[in-house]
Each structure stands twice: as C-alpha cells, then as structure tokens.
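My notes follow the sequence and structure.

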Amino acid sequence: HAKANFRSFMHIMYPQNSEQQYIIADVHEKLIQLVQDCFDGNINPHQIISLPPQHGKSRLLSVRAVAWLIGAKPGIHIALTGFSTDLLADFVGEVKRIVENPRYFLIFGDVKPMVGHDRSNDIIFTNQSNLQARSCGSKLTGRRVDWLVVDDPHAGREEAESPAMRRRVHRWFFAD
C-alpha cells in the first residue's frame with residue numbers, strides 16, 4: 001500500500017510513537033495529501049506552498065516526498081532546485097539515507113543509488129529514477145524533468161522583494 005500511498009509511506013518510515021522525533025502534524029497531513037493528489041493527477045500539478053520557516057515543509061516536500069517518488073514511480077526524473085547549493089546537497093544526502101533505510105527496502109525492494117552514478121548533485125537509482133539538484137538559475141535544459149521541486153528560490157526577504165531578482169527567477173523558471 002505504501003508504494004502508491006504517500007501517507008502510508010510516511011507512517012511506515014516515521015512511526016508515530018513516543019520515540020519518534022518526527023511528528024506528523026496537521027500541516028504535514030495537508031502537505032502529504034497535496035503530494036498524493038499531484039501524484040494521482042487529481043489536482044493541477046503546479047502548486048505553490050507558503051509556510052513560515054521551520055514548519056517542516058522543505059524536509060517533507062524536498063526530501064521525504066522525493067524519496068517516496070523515487071520508489072513509487074520507477075524511472076521518474078526529479079529536479080530539486082533552490083538558492084543554496086549546500087542545502088540542496090544536504091537534501092540529496094537525506095534522500096539517499098532514506099532510500100538506504102531497511103524500511104524503505106521493505107516497501108520498494110532493492111532500490112538504491114547506482115555505483116558510480118551517485119554524485120552529490122546527480123543520482124541515478126537502480127530502478128532508473130534520477131535525482132538532480134541544481135541551484136535556481138542553473139540550466140536544466142536538455143535534461144528530462146518529470147517532477148520539479150523549487151525550494152526557496154530566493155536567499156532571503158530582500159532578494160525576494162527585489163523586482164530584478166524576481167524577474168530573474170521567473171525567466172529561469174519559464175525559459176529553462
């Protein structure tokens with residue numbers, strides 16, 4: 001059931017007990033349903049999420065949903081973008097750790113990064129899924145992307161309020 005159901009996946013990977021540090025709150029349940037609805041084609045796949053910092057949106061959408069998609073849809077090509085290449089590298093590392101978790105193996109079988117194809121910004125998995133991480137503004141042209149996650153395209157409020165910076169990200173998003 002967790003192969004096709006993100007909520008089930010989350011509850012298997014992060015059982016809600018007193019020892020679990022990751023608590024799935026109401027806001028996470030709404031985000032989980034949003035991912036599921038996009039995956040199932042029940043809603044417009046173009047979604048924007050806006051929540052205050054430290055509410056778990058990045059880890060849920062840029063890490064946990066990405067890990068689930070890699071197993072749930074073999075051959076999917078995912079691009080993860082944001083303003084910080086360091087944070088993106090952290091996200092990719094977290095995705096790899098989830099995929100290497102024995103619980104993940106119980107759900108999806110032997111899906112893992114292919115040896116020699118697991119760089120910090122580009123990973124091909126044994127089920128032919130692909131994860132690439134690029135900073136906003138970097139070229140994605142020529143690379144297949146089935147699922148694009150843009151996590152914080154601006155480095156802060158000042159940059160986000162700059163008309164020139166917003167135009168730059170807007171042009172990148174629609175051009176590349």
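**Helix H2 and its end**

Just after H2, I found Gly 41 with a positive phi of about 80 degrees. The model is predicted, so I treat every value here as a property of the model.

I then checked the length of H2, residues 26-40. With 15 residues at 1.5 Å each, the helix should span 21 Å, and the end C-alpha atoms are 21 Å apart, so the two agree.

Next I looked up which residues of H2 are buried. They are His 28, Leu 31, Ile 32, Leu 34, Val 35, Gln 36, Asp 37 and Cys 38. The cover over these buried residues includes helix H1 (6-13), H3 and strand S5 (147-151).

**H1 against H2**

For packed helices I note the angle between the axes and the distance between the axes. H1 and H2 pack at about 130 degrees, and their axes are 9 Å apart.

From H1 they are Phe 6, Arg 7, Met 10 and His 11, and from H2 they are Glu 29, Ile 32, Gln 33, Val 35 and Gln 36. By class, this contact has four nonpolar, three polar and two charged residues. Ile 32, Val 35 and Gln 36 are also among the buried residues of H2.

**H3 against H4**

H3 (residues 57-72) and H4 (residues 85-99) pack at about 45 degrees, with 9 Å between their axes. That angle makes H3 oblique to H4. The crossing of H3 past H4 is right-handed.

On the H3 side, the contact is made by Ser 58, Arg 59, Ser 62, Val 63, Arg 64, Val 66, Ala 67 and Ile 70. On the H4 side, I noted Leu 87, Phe 91, Glu 94, Val 95 and Ile 98. The contact divides into eight nonpolar, two polar and three charged residues.

Most residues other than glycine have a negative phi, so I looked for exceptions.

Gln 54 has a phi near 70 degrees, a positive value in a residue other than glycine. Gln 54 sits in the loop between H2 and H3. Is Gln 54 buried or exposed? Its relative accessible area is 80%, over the 50% cut-off, so Gln 54 is exposed.

Gln 128 also has a positive phi, near 70 degrees. Gln 128 lies in the loop between strand S3 (122-125) and strand S4 (130-135). With a relative accessible area of 48%, Gln 128 is partly exposed.

Methods:
Residues are numbered from 1 along each chain as its sequence is written. This is a predicted model: local features need pLDDT of at least 70, side-chain atom pairs count only at pLDDT 80 or more; totals for chains, interfaces and linings use all residues. Side-chain values use heavy atoms; hydrogens and water are left out. Axes are lines fitted to C-alpha atoms, for helices over the stretch in contact, and angles run from 0 to 180 degrees between N-to-C directions. Helices (H or I, at least four residues) and strands (E, at least two) are DSSP runs, numbered from the N terminus. Angles under 35 degrees count as roughly parallel, over 145 as roughly antiparallel, 65 to 115 as roughly perpendicular and the rest as oblique. A crossing is left-handed if the near helix is turned anticlockwise from the far one by less than a right angle, and right-handed if clockwise. Contact means heavy atoms within 4.5 Å. Ala, Val, Leu, Ile, Met, Phe, Trp, Tyr, Cys and Pro count as nonpolar, Asp, Glu, Lys and Arg as charged, and the others, Gly among them, as polar. The expected span of a helix is 1.5 Å times one less than its number of residues. Buried means under 20% relative accessible area, exposed over 50%, partly exposed in between (1.4 Å probe, protein chains only).
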